[in-house]
Amino acid sequence: LFRWEDIPPWWYWYSWIDFLRYSFGSLMKNQFSPIDPPFQDTTFLGYYGMDSLDKWAYIGYCSLFAFFFFLCALVTMTFKKYQVR
């Protein structure tokens, strides 16, 4: 796993449009939020930079991604014809 500060600057933009960032972040916050174990001079969530994120906002972003991809698939299936005459 890469930490946010270890991602090269020319690839950092991709982390904002990747749905796995939001699903993994909300899962990590849900699992380690009540008891955050120590890990390499900090906590586990602090090491990965997830100690200040809002898991409900990330779940909302995942829902928006799902809705967007469903809408794109619906538009594609509506207007793209695969029949050949």
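**Exercise 1. Check the length of helix H2 against its residue count.**

Solution. Helix H2 covers residues 19-32, 14 residues in total. At 1.5 Å a residue, it should span 20 Å. The expected span is 1.5 Å times one less than the number of residues. The end C-alpha atoms of H2 are 20 Å apart, which agrees.

Ground rules: this is a predicted model, where local features need pLDDT of at least 70 and side-chain atom pairs count only at pLDDT 80 or more, while totals for chains, interfaces and linings use all residues. Residues are numbered from 1 along each chain as its sequence is written, and side-chain values use heavy atoms, with hydrogens and water left out. Helices (H or I, at least four residues) and strands (E, at least two) are DSSP runs, numbered from the N terminus.

**Exercise 2. Find the buried residues of H2 and say where they sit around the axis.**

Solution. Step one: apply the cut-offs. Buried means under 20% relative accessible area, exposed over 50%, partly exposed in between (1.4 Å probe, protein chains only). In H2, the buried residues are Arg21, Tyr22, Gly25, Ser26, Met28 and Lys29. Step two: take the arc. These residues cover only 165° around the axis, which puts them on the same side of H2. The arc is that of the directions from the helix axis to the C-beta atoms. Step three: recall the helix geometry. An α-helix has 3.6 residues a turn, so residues three or four places apart point the same way. Step four: name the partners. The buried residues of H2 pack against helix H1 (12-17), helix H3 (44-47) and helix H4 (55-79).

**Exercise 3. Describe Phe32, in helix H2.**

Solution. Begin with accessibility. Phe32 is partly exposed, at 25% relative accessible area. Next, contacts. Beyond neighbours within four places in sequence, Phe32 meets Pro37, Phe44 and Leu45. Last, a distance. Phe32 and Pro9 are 23 residues apart along the chain, and their C-alpha atoms are separated by 28 Å.

**Exercise 4. Count the disulfides and explain the state of Cys72.**

Solution. The structure holds zero disulfides (a disulfide is a pair of cysteine sulfur atoms within 2.5 Å). Cys62 is in no disulfide, and the nearest cysteine sulfur, that of Cys72, is 16 Å away. From the side of Cys72, the closest cysteine sulfur is in Cys62, too far for a bond. Compare accessibility: Cys62 has a relative accessible area of 21%, and Cys72 has 33%. Cys62 is partly exposed, and so is Cys72.

**Exercise 5. Which phi values do Gln40 and Asp41 have, and are these residues buried or exposed?**

Solution. Locate them first. Gln40 is in the loop between strand E1 (38-39) and strand E2 (42-43). Asp41 is in the loop between E1 and E2. Gln40 has a positive phi of about 50° although it is not a glycine. For Asp41, also not a glycine, phi is positive at about 65°. Gln40 is exposed, at 54% relative accessible area. Asp41 is exposed, at 87%.

Key:
Contact means heavy atoms within 4.5 Å.
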